[in-house]
Amino acid sequence: MRSDRSTSAPLGLKIAAAAGLAFLHIPILLIFLYAFTTEEKSYQFPPPGLTLHWFAVTWNRPDVWEALMLSVKVASVATAVALVLGTLCAAAVSQTRFFGRETISLLVILPIALPGIITGIALRSAFSLADIPFSFWTIVLGHATFCIVVVYNNAVARFRRVSGSLIEASMDLGADGFQTFRHIILPNIGTALLAGGMLAFALSFDEVIVTTFTGGQQATLPIWMLEELIRPRQRPVTNVVAMVVVLVTFLPILAAYYLTRDGDQIAGGGK
Amino acid sequence: MTAAVTQPIAAQSILPSRPGLGGRLSDFLWKNPHVLLLVLLGPPVLWLGIIYVGSLLALLVQSFFSIDDFSGLINYEFTFATYRQLLADANLDIIVRTVTMAAVVTVFSAVIAFPIAYYAARYAKGKWKAIFYLGIMLPLWSSYLVKIYAWKLILAKEGIITWAFAKLHLLWLLDAWLALPVIGGNSLSVSYTGTFIVFVYVWMPFMILPIQAALERVHGNLIEASSDLGGTPAQTFRHVLFPLALPGIVAGSIFTFSLTLGDYIIPQIIGSSRLFIGQAVYAQQGTAGNIPLAAAFTVVPIVIMGLYLWAAKRMGAFDAL
């Protein structure tokens with residue numbers, strides 16, 4: 001028998017937990033405040049005044065738009081590749097038993113378990129060994145490699161819940177393999193794939209370490225930000241871009257959460 | 001006798017082959033599950049095997065080459081010279097500094113993450129559980145660079161920390177801290193203290209979820225039994241809660257440790273000029289053009305993480321992931 005009385009938490013624990021969450025959120029809230037500051041040269045707190053001026057300036061900056069478009073394009077293509085490869089891999093691992101299954105899981109997780117700089121430098125030296133010039137596709141190649149794991153994790157968790165008898169019933173009723181996939185498997189794993197795809201998009205959209213090695217002269221939005229952090233040109237524009245990036249990454253995360261919250265494993269738990 | 005009865009039934013239950021190319025293909029895959037497995041596994045394994053593992057191995061091989069000191073060209077002969085260079089004092093300093101930082105960051109992350117994870121696992125119910133979950137996920141997934149940028153705003157000399165200390169009339173305390181050797185500096189944003197705070201901030205969320213997962217499995221009865229038997233809260237924590245949460249802490253520490261070990265952007269933007277492993281790799285492959293030494297440097301985190309993962313596996317940390 002459980003005796004889970006609904007006790008309330010000790011005061012010390014409440015304070016520690018609240019302080020911890022505040023520590024996590026206050027810096028992000030400050031980004032929102034600084035996007036409106038009138039101060040241009042320094043990071044003065046409190047801001048001497050508030051203005052919307054810098055939103056207009058940022059809107060008219062072609063370099064910001066170029067970086068944003070490149071990021072969106074890279075993230076879309078990388079997500080598409082990761083969706084196909086991650087789903088295939090998840091289907092193989094969860095629906096069949098074969099020698100070396102553990103190795104496959106390790107292979108998928110490795111690009112994200114090892115520090116990004118190792119993935120980056122390995123790809124860069126491979127490109128230079130093979131005489132591949134930097135291009136849009138070299139960035140995509142790197143991003144897709146570490147995005148596979150998020151799609152894979154979500155798909156594997158969902159495949160585990162799709163009962164094998166459903167698939168057998170479909171086959172017994174005369175559907176062929178493709179029909180079963182189209183009408184039985186896909187509707188069952190659809191939301192998990194959507195969630196995995198959104199997380200993969202967010203991961204790629206935000207990635208900077210691997211991109212510094214595989215991008216050459218091209219600037220994705222994170223690379224643009226990194227440049228601004230190392231050699232600041234117009235701080236208020238950076239403030240505005242930072243705020244927009246926060247908002248843009250929140251949306252897919254919230255969507256992925258609502259898509260998978262009834263699942264046994266919630267998306268993003270294994271970033 | 002039985003054979004004679006079952007035969008007509010068997011004959012009926014075997015359907016004619018499906019018409020069309022798609023149908024035939026479907027039948028073929030059904031009869032040959034190995035081919036199906038090959039079709040499913042082929043593309044991802046080829047992608048990861050060739051692009052990822054291939055590049056990784058190519059990199060590791062290069063660590064056994066050396067660079068010619070005069071021409072600056074890579075000498076493609078098998079040698080341990082690069083590894084001897086790696087063990088030079090200056091490079092060992094970098095390794096020790098990075099590992100120390102990773103260890104301290106891991107310990108502090110665990111201390112900050114534990115109360116959040118414990119509250120979320122044991123006391124948060126219904127709506128609050130969702131709020132806690134999103135409260136952890138949103139900072140975890142927020143842009144890495146934006147988080148660093150936020151701390152640049154906070155730690156700057158004219159930023160919010162200095163302002164807060166001034167309001168509290170505690171500036172002398174901040175100045176005294178910055179005057180300390182090693183961890184101090186001109187301002188927080190160019191000191192080890194700053195690097196440390198940002199590392200903890202950026203990687204700590206990765207610690208919360210595994211600890212929470214481990215604590216979710218701890219029955220409330222155990223805590224009550226401990227206090228019924230006369231255990232003080234401190235004793236309960238020491239002898240019941242902590243040992244049960246340990247696999248979760250170890251699982252989380254894999255992330256905090258590995259991520260700190262390989263990072264080169266945080267110490268570059270917020271920190272002193274002394275290098276960490278990641279920065280050394282970046283400098284060696286970039287400006288110095290010494291790919292063999294850069295490759296040898298990357299072997300250090302790989303080996304450390306290999307040992308770490310092996311130890312973690314023995315402690316059962318993977319069940320808490």
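Me: Contact means heavy atoms within 4.5 Å. How many residues of chain A and chain B are in contact?
Reply: By that cut-off, 94 residues of chain A are in contact with 83 residues of chain B. Bear in mind that this is a predicted model, where local features need pLDDT of at least 70, side-chain atom pairs count only at pLDDT 80 or more, and totals for chains, interfaces and linings use all residues. Also, residues are numbered from 1 along each chain, chains are lettered from A, and side-chain values leave out hydrogens and water.

Me: What makes up the area that chain A and chain B bury between them?
Reply: Buried area is the accessible area (1.4 Å probe) that two parts lose on being put together, summed over both. Here that comes to about 8,100 Å², with 78% of it on carbon and sulfur atoms. Helix H1 (residues 11-34) of chain A gives the largest share of chain A's side, 14 residues. That side divides into 66 nonpolar residues, 19 polar and nine charged; Ala, Val, Leu, Ile, Met, Phe, Trp, Tyr, Cys and Pro count as nonpolar, Asp, Glu, Lys and Arg as charged, and the others as polar.

Me: How many salt bridges are there between chain A and chain B?
Reply: The count is zero. You'd need a side-chain nitrogen of Lys or Arg within 4 Å of a carboxyl oxygen of Asp or Glu.

Me: Why are Phe178(A), Leu25(B), Phe28(B), Val35(B) and Val39(B) called a nonpolar surface patch?
Reply: Because patch residues have over 30% relative accessible area and no salt bridge, and nonpolar side chains are joined within 5 Å. These five make a patch of about 420 Å². Helix H2 (20-31) and helix H3 (33-62) of chain B each give two or more residues to the patch, and Phe28(B) sits in helix H2.

Me: What secondary structure does chain A have?
Reply: Chain A has 11 helices and zero strands, counted as DSSP runs (helices H or I, at least four residues; strands E, at least two).

Key. Patches are made of residues with over 30% relative accessible area and no salt bridge: like charges are joined within 9 Å, nonpolar side chains (Val, Leu, Ile, Met, Phe, Trp, Tyr) within 5 Å. Accessible areas come from the Shrake-Rupley method with a 1.4 Å probe; for residues, only the protein chains shown count as cover.
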